[in-house]
Amino acid sequence: MEQQQQQGNQGVVMGKENPIQQLQAKMKELENGFKSWLSKQSLAVEAAVVTATSATQGAAIGAIMGTLAPDISSSLPTPPPDAALNPQAMASIKQAQALSGGPLVQARNFAVMTGVNAGISSVMKRLRGKEDVQSSMVAAFGSGAMFSLVSGVGGPNPAANAITSGLFFALVQGGLFQLGQKFSQPPAEDTFYARTRTMLHSLGLQNYEKNFKKGLLTDSTLPLLTDSALRDVRIPPGPRLLILDHIQRDPELKERRGIHG
């Protein structure tokens with residue numbers, strides 16, 4: 001008893017001395033406090049704070065990526081004098097230089113993308129009261145358009161290219177949002193096959209649930225099942241015998257079977 005108490009006290013002391021857990025708890029407390037404070041601010045203040053915070057985070061990520069990735073902008077060929085007469089050639093060179101810059105360029109690009117996206121998202125969420133695919137696509141459109149203008153990839157027609165980039169960002173973000181929603185939500189259970197599913201799992205025949213659904217053999221048809229009906233949905237003889245025996249032994253199904261008979 002005394003040894004267990006000593007071990008418990010030792011565990012408490014060790015838990016209190018764990019700096020990682022203390023830091024995580026402190027960071028979580030600060031995050032919750034910040035969110036609580038932000039929710040009480042006006043729309044303009046919230047949008048400004050969220051934009052600035054996200055832009056700072058994006059700038060840090062961009063700077064790190066720009067540092068790790070080689071800066072190839074200096075190795076790009078210098079355009080000849082006659083290239084100035086060709087807007088398409090000049091636009092291609094500017095786009096390559098904008099997308100291959102060093103830490104400062106990448107920090108600027110990521111700051112614009114993340115900041116604008118987060119700011120618009122916060123405004124849309126406050127106005128609409130929810131996060132949905134429409135709000136996500138609006139935020140992505142603004143992010144893509146601003147990235148196109150700031151990074152210098154607009155080419156001879158910056159406005160048109162900004163709209164094109166915004167639409168591209170919006171479509172990609174919309175697709176990712178829908179994909180995330182699909183995989184984050186569990187599939188809805190088919191209420192018409194709840195009892196059938198339970199029966200098949202109890203018999204180890206869950207692979208034949210699709211046969212029941214293909215033949216529209218729902219829970220309401222369980223008392224009416226016959227060998228012929230199960231054969232029609234291509235269930236082998238062995239599983240058919242197990243299913244019919246289970247129905248005969250189930251008191252409720254047996255009673256309903258007698259009523260229908």
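1. A word on residue classes before we start: Ala, Val, Leu, Ile, Met, Phe, Trp, Tyr, Cys and Pro count as nonpolar, Asp, Glu, Lys and Arg as charged, and the others, Gly among them, as polar. By that rule, the lining of the largest pocket divides into 7 nonpolar, 9 polar and 7 charged residues.

2. Please keep in mind that this is a predicted model, where local features need pLDDT of at least 70, side-chain atom pairs count only at pLDDT 80 or more, and totals for chains, interfaces and linings use all residues. Residues are numbered from 1 along each chain as its sequence is written, and side-chain values use heavy atoms, with hydrogens and water left out.

3. Now to the pocket itself. On a 1 Å grid over the protein atoms alone, a pocket is an open set of points with protein on both sides within 12 Å along at least five of seven lines, and lining residues have an atom within 4 Å of a point. The largest one has a volume of about 630 Å³ (the space filled by probe spheres set on the points, which are joined across faces, edges and corners). Which residues lie nearest its centre? They are Val50, Ala118, Ser122, Lys125 and Glu131, out of 23 lining residues. The elements giving two or more residues to this lining are α2 (19–39), α3 (43–68), α5 (103–128), α6 (133–151) and α7 (158–184); helices here are DSSP runs (H or I, at least four residues), numbered from the N terminus.

4. Have a look at α5. Its 26 residues should span 38 Å at 1.5 Å a residue, and its end C-alpha atoms are 37 Å apart, which agrees (the expected span is 1.5 Å times one less than the number of residues). Among its buried residues are Ala118 and Ser122, where buried means under 20% relative accessible area, exposed over 50%, and partly exposed in between (1.4 Å probe, protein chains only). Just after α5, Gly129 takes a positive phi of about 75°.

5. Next comes α6, whose buried residues include Val133, Gly144 and Phe147. Gly152 follows this helix, with a positive phi near 80°.

6. Finally, the rings. Phe147 and Phe169 form a tilted aromatic pair, 6.2 Å centre to centre with 35° between the planes (rings of Phe, Tyr and Trp, its six-membered ring, pair if their centres lie within 6.5 Å; planes under 30 degrees apart count as stacked, over 60 as edge-to-face and the rest as tilted). Because Phe147 lies in helix α6 and Phe169 in helix α7, the pair ties together parts 22 residues apart in sequence. Phe147 counts as buried at 13% relative accessibility, while Phe169 is partly exposed at 23%.

Terms used:
1 Å grid on protein atoms, 1.4 Å probe; cavity = no way out; pocket = protein on both sides within 12 Å on 5 of 7 lines; lining within 4 Å.
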